[in-house]
Amino acid sequence: MRMSGQFVWILNFSSACDAREKHLKVKGRGMRENGTMTVTLLGASEIRRLAAELDVTPTKKWGQNFVVDANTVRRIVQVARVEAGERVVEVGPGLGSLTLAILETGATVTAVEIDPRLAARLPQTAAEHQVPEGALQIIQNDALKVTALPGEPTVLVANLPYNVSVPVLLHFMETFSTLDRGVVMGQAEVGERLAAPPGSKTYGSPSVKAAWYGDWKLAGNVSRQVFWPVPNVDSVLVGFQRSGDTLGTEEERKATFTIVDAAFQQRRKMLRQALSSLLGGSAAASSEVLERAGVDPTLRGEQLTVHDYLRIARTIA
């Protein structure tokens with residue numbers, strides 16, 4: 001089916017039935033007391049087999065470093081506090097290792113995958129691992145272009161490459177207000193920026209923008225050895241919890257983010273200089289606006305909270 005210009009595959013067990021029957025005969029495990037099957041996870045050898053089957057060579061372009069360790073994907077799900085019956089959106093499911101760990105909890109998943117080969121294969125993989133009918137939906141699209149999701153997901157889980165981590169996260173937080181919490185796995189440098197407090201060396205534009213939506217905290221390190229292929233950078237988990245109240249209107253958000261970008265483009269300069277082009281055209285005019293907003297003009301952008309930036313935006317509105 002199509003939804004707002006996006007291709008969506010809904011797990012179809014009639015077409016995947018033969019694969020499931022074959023899998024059950026081989027596995028012979030995962031039976032609950034009531035006779036229903038539990039979801040099983042992918043192992044390292046199966047992940048490599050799937051990649052070979054699809055002729056998938058992990059690429060830097062799409063950040064394809066696949067997680068091959070079952071304990072790691074279960075840990076990610078635990079950090080996200082996923083529970084049975086919840087709706088989860090997963091960005092970048094790849095071959096499905098994290099997807100199956102989410103589904104193992106009894107939650108339902110909408111998976112957003114840019115690679116058409118991986119998106120097309122995921123329903124069959126899910127069927128082979130005893131995923132209940134209707135529990136998985138797949139959107140084959142660039143995550144930055146997704147503007148609608150089935151249902152109202154409340155949890156976001158993502159394994160994101162360095163070059164799109166922040167844009168994808170901010171896009172989803174802005175577009176899908178039902179997202180209440182989640183966890184993101186990404187390059188350590190990016191994760192540390194998202195969770196950085198004001199005044200720290202890693203605090204920057206992503207830190208302020210993320211704080212607009214809620215609280216972000218580092219939730220642990222991830223070994224390079226759990227990925228295939230092994231990346232050249234360290235990874236971390238970042239958990240977030242959306243704030244109960246919205247900080248401001250959409251117009252105020254845009255104005256605030258514009259000021260944030262300007263402040264950090266010249267982060268070594270005092271705000272009266274860094275923001276002069278936005279606040280009157282001179283350091284003197286900028287200082288006057290900042291003082292009216294209750295912000296010291298001699299501070300630098302890295303010393304302000306998201307609330308400080310919002311006050312500046314409201315002062316010039």
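1. Leaving aside its neighbours within four places in sequence, which residues is valine 236 in contact with? In this predicted model, the contacts of valine 236 comprise Val184, Met185, Gly186, Gln187, Ala188, Gly191, Leu218, Gly220, Asn221 and Val222.

2. Valine 236 lies in strand β11, which spans residues 235-242. The residue has a relative accessible area of 4%; because buried means under 20%, valine 236 is classed as buried. One of its contacts is Gly191. The C-alpha atoms of valine 236 and glycine 191 are 6.3 Å apart in space, although 45 residues separate the two in sequence.

3. Leucine 194 belongs to helix α7, residues 188-195. With a relative accessible area of 5%, leucine 194 is buried. Not counting residues up to four places away in sequence, leucine 194 touches Val166, Leu169, Pro206, Ser207, Ala210 and Trp216. Between leucine 194 and lysine 217 the C-alpha to C-alpha separation is 7.9 Å, at a distance of 23 residues in sequence.

4. Helix α9 covers residues 250-265, 16 residues in total. From its first C-alpha to its last, α9 reaches 23 Å, which is close to the 22 Å expected at 1.5 Å a residue.

5. Which residues of α9 are buried? They are Arg253, Thr256, Phe257, Ile259, Val260, Ala262, Ala263 and Phe264. An α-helix has 3.6 residues a turn, so residues three or four places apart point the same way. The packing partners of the buried residues of α9 are α6 (165-175), α8 (205-213), α10 (271-274) and α12 (306-315).

Key: Residues numbered from 1 in each chain as written. Predicted model: local features only at pLDDT ≥ 70, side-chain atom pairs only at ≥ 80, totals over all residues. Heavy atoms only, no water. Helix = DSSP H or I, 4+ residues; strand = E, 2+ residues; numbered from the N terminus. Expected span 1.5 Å × (residues − 1). Buried < 20%, exposed > 50% of the residue type's maximum accessible area, 1.4 Å probe, protein only. Contact = heavy atoms within 4.5 Å.
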